[in-house]
Amino acid sequence: MNINKVFVVGAGTMGNGITQVCAQRGLSVIMSDVSRDLMDKALKKIEWSVSKFIEKGKVSEDFDTIMGRIQTSTDYNAAADADLVIEAVFEKLEIKHEVFAKIDAVVGDKTIMASNTSAIPITDIASAVSRPQNFVGLHFFNPVPMMAAVEVIRGISTSDKAFQYGADFVKFIGKEPIMVNKDIAGFILNRINMVSNMEAMRLVEQGVATPEDIDKGMRLAFGRKMGPFETGDLVGLEVSLMAYTNVYEEEKDPRFYPPSIMRRKVLAGHLGRKTGKGWYDYNPDGSRKK
Ligand SMILES: NC(=O)c1ccc[n+]([C@@H]2O[C@H](COP(=O)([O-])OP(=O)(O)OC[C@H]3O[C@@H](n4cnc5c(N)ncnc54)[C@H](O)[C@@H]3O)[C@@H](O)[C@H]2O)c1
């Protein structure tokens with residue numbers, strides 16, 4: 001596998017995590033977003049997280065060496081000689097198409113293109129590029145520096161080589177590939193989780209149980225680190241809603257129809273930790289209100 005340089009599009013929650021793990025494994029990374037300000041904020045988050053990894057002895061290199069591998073740019077031309085482009089922009093097909101049309105115009109035959117979509121079929125996203133055989137899904141989990149699994153998804157046109165490249169890259173950055181052999185909406189892990197999360201929301205909607213009790217039960221009975229509402233607030237309700245809606249639109253299966261309590265919360269701006277209110281309320285310092 002040829003991997004030296006990675007171009008990451010989108011410096012949000014996932015993009016900055018992906019940038020960090022690549023830099024920590026010795027790769028040169030260019031992180032891109034629509035503004036300088038967003039990229040500076042992302043760099044601050046990476047700096048904080050890299051410091052924590054160093055403090056805990058989880059990486060042996062020094063701060064400057066790791067951070068020195070990261071560059072930022074709003075210019076897609078900087079992707080021209082990347083071995084791998086990973087897109088982590090908003091979960092909207094039109095935006096992903098726009099991004100990949102621009103990427104496709106600058107990269108060569110050898111560049112592998114990947115999307116970190118939560119739920120949009122890889123084949124749909126790859127329809128924006130002229131070499132869909134070089135396109136693969138790389139679905140990271142949040143928070144990226146901590147989560148060891150990455151789903152590697154084969155689109156209908158993905159070549160064996162690109163699919164294998166995805167798996168090799170995931171191992172190279174110290175994570176475990178979960179191979180998704182068919183391009184199914186929601187892939188594997190979210191598809192299973194979605195149905196269970198929506199059932200938890202419906203139980204809250206029906207007044208059967210509180211988010212606190214459901215989260216506690218899922219932690220204590222099933223050994224989860226976090227319950228569905230705690231995770232939901234971390235991910236952002238609007239991010240999950242977009243993902244659920246995409247799967248529902250694809251399948252038209254009522255199992256995947258987002259409950260109205262979730263849709264109303266998103267309309268009200270109760271998006272989770274990022275807005276100080278979601279399934280739970282948060283103090284300005286990020287701690288949960290009692
Ligand atoms: N948040 C999660 O837990 C999670 C988990 C797995 C996958 N994902 C997926 O990863 C992707 C990104 O999610 P996120 O949570 O990081 O979102 P986010 O909102 O934190 O970040 C998205 C970033 O993309 C940038 N962006 C938007 N349009 C752009 C463009 N045209 N060019 C460059 N940058 C652009 C935005 O400015 C923003 O900084 C989505 O597809 C999401 O479904 C999210």
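Visitor: Which word describes lysine 5, buried or exposed?
Guide: This is a predicted model, in which local features need pLDDT of at least 70 and side-chain atom pairs count only at pLDDT 80 or more, while totals for chains, interfaces and linings use all residues. Residues are numbered from 1 along each chain as its sequence is written, and side-chain values use heavy atoms, with hydrogens and water left out. Lysine 5 lies in strand E1 (residues 5-9), where strands (E, at least two residues) and helices (H or I, at least four) are DSSP runs numbered from the N terminus. Because its relative accessible area is 18%, and buried means under 20%, exposed over 50% and partly exposed in between (1.4 Å probe, protein chains only), lysine 5 is buried.

Visitor: Which residues is lysine 5 in contact with, leaving aside its neighbours within four places in sequence?
Guide: Contact here means heavy atoms within 4.5 Å. Once the neighbours within four places in sequence are set aside, the contacts of lysine 5 are Ser28, Ile30, Ala78, Asp81, Ala82, Asp83 and Leu84.

Visitor: How many residues does the largest nonpolar core have?
Guide: A nonpolar core is a set of buried Ala, Val, Leu, Ile, Met, Phe, Trp, Tyr and Cys residues joined through side-chain atoms within 4.5 Å. In the largest one, the residues with the most contacts inside it are Val6, Ile18, Leu84, Ile86, Leu138, Phe140 and Phe169, and the number of residues it has is 38.

Visitor: How many residues does the second, separate core have?
Guide: This second core is separate, and it includes Ala185, Met201, Val247 and Tyr280. Its number of residues is 22.

Visitor: Why does alanine 88 count as buried?
Guide: Alanine 88 lies in the loop between strand E4 (84-87) and helix H4 (93-106). Leaving aside neighbours within four places in sequence, it is in contact with Val9, Gly10, Met14, Gly15, Ile18 and Asn116. Alanine 88 counts as buried because its relative accessibility is 13%.

Visitor: What percentage of the ligand's accessible area does the protein cover?
Guide: Polar contacts, which are pairs of N or O atoms within 3.5 Å, include a polar side-chain atom of glutamate 91 at 2.5 Å from an oxygen atom of the ligand. A side-chain N or O atom of aspartate 33 lies 2.6 Å from an oxygen atom of the ligand, and for asparagine 116 the separation from a ligand oxygen atom is 3.0 Å. On its own the ligand has 840 Å² of accessible area, calculated by the Shrake-Rupley method with a 1.4 Å probe, and the share of this that the protein covers is 89%.

Visitor: What is the omega of the cis peptide bond that joins asparagine 142 and proline 143?
Guide: Most peptide bonds are trans. Proline 143 is found in the loop between strand E6 (135-139) and strand E7 (149-153). The bond that joins asparagine 142 to proline 143 is cis, and its omega is about -5 degrees.

Visitor: What is the relative accessible area of phenylalanine 187?
Guide: Phenylalanine 187 is found in the loop between strand E8 (176-180) and H7. Although it is not a glycine, it has a positive phi of about 55 degrees. This residue is buried, because its relative accessible area is 1%.

Visitor: Which word describes lysine 252, buried or exposed?
Guide: Lysine 252 is found in the loop between H10 and helix H11 (260-267), and it has a positive phi of about 50 degrees although it is not a glycine. Because its relative accessible area is 51%, lysine 252 is exposed.

Definitions and conventions. Polar contact = N/O pair within 3.5 Å; in protein donor to acceptor, adjacent residues only side chain to side chain.
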